[in-house]
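Please read this report alongside the sequence and the coordinates.

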Amino acid sequence: LKLTVLYGHPTDPDAFESYYANTHMPLVGKIQGIVKAEVTKFLPNPDGTKPDYYRLAELYFETPEGMQTALNSPEGKATTADLANFASGGAKVLIGIVG
């Protein structure tokens with residue numbers, strides 16, 4: 001099971017990157033039950049235009065129940081609430097089955 005977060009382009013990319021690395025990702029690291037986590041910073045499209053999204057985060061869980069437990073934990077709730085502190089370009093959350 002994978003939870004995907006697509007981040008829109010922030011108003012201040014440097015502030016986003018600093019906060020993301022120093023505050024948000026350490027919060028993510030405290031969530032029990034995440035099997036694997038990957039983050040991506042998008043490059044320009046092949047034609048040089050700006051990509052649709054700025055960043056992508058993928059969090060993997062063993063089961064839907066495990067994901068719910070993780071996200072409903074104090075650490076999961078704190079991480080979710082933290083999005084408003086830095087994701088000035090917005091964030092879309094998607095959940096899907098891998099495979």
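The text below begins with the basis of the values and then turns to the aromatic pairs.

This is a predicted model, in which local features need pLDDT of at least 70 and side-chain atom pairs count only at pLDDT 80 or more, while totals for chains, interfaces and linings use all residues. Residues are numbered from 1 along each chain as its sequence is written, and side-chain values use heavy atoms, with hydrogens and water left out.

**Aromatic pairs**

Rings of Phe, Tyr and Trp (for Trp, the six-membered ring) are paired if their centres lie within 6.5 Å, and planes under 30 degrees apart count as stacked, over 60 as edge-to-face and the rest as tilted.

| Pair | Centre to centre | Angle between planes | Class |
|---|---|---|---|
| Tyr7 and Tyr20 | 5.5 Å | 80° | edge-to-face |
| Phe16 and Tyr54 | 5.2 Å | 85° | edge-to-face |

Tyr7 in strand S1 (residues 2-7) and Tyr20 in helix H1 are 13 residues apart, and their pair links distant parts of the chain; helices (H or I, at least four residues) and strands (E, at least two) are DSSP runs, numbered from the N terminus. Phe16 in helix H1 and Tyr54 in the loop between strand S2 (36-41) and strand S3 (55-60) are likewise a link between distant parts of the chain, 38 residues apart.

Buried means under 20% relative accessible area, exposed over 50% and partly exposed in between, with a 1.4 Å probe and protein chains only. Tyr7 counts as buried at 2% relative accessibility, Tyr20 counts as buried at 3%, and Phe16 and Tyr54 are both buried. Ring pairs join Tyr7, Phe16, Tyr19, Tyr20, Tyr54 and Phe86 into a cluster.

**Glu17**

Glu17 lies in helix H1 (residues 13-29). Its side chain makes a polar contact (a pair of N or O atoms within 3.5 Å, where within protein one must be able to donate a hydrogen and the other to accept it, and residues adjacent in sequence count only if both atoms are side-chain atoms) with the side chain of Tyr54 at 2.7 Å. The side chain of Glu17 makes a further polar contact with that of Arg55 at 3.0 Å. Leaving aside neighbours within four places in sequence, Glu17 is in contact (heavy atoms within 4.5 Å) with Lys41, Tyr54 and Arg55.

**Contact of H2 with H3**

Ala70, Leu71 and Asn72 in H2 meet Pro74, Gly76 and Lys77 in H3.
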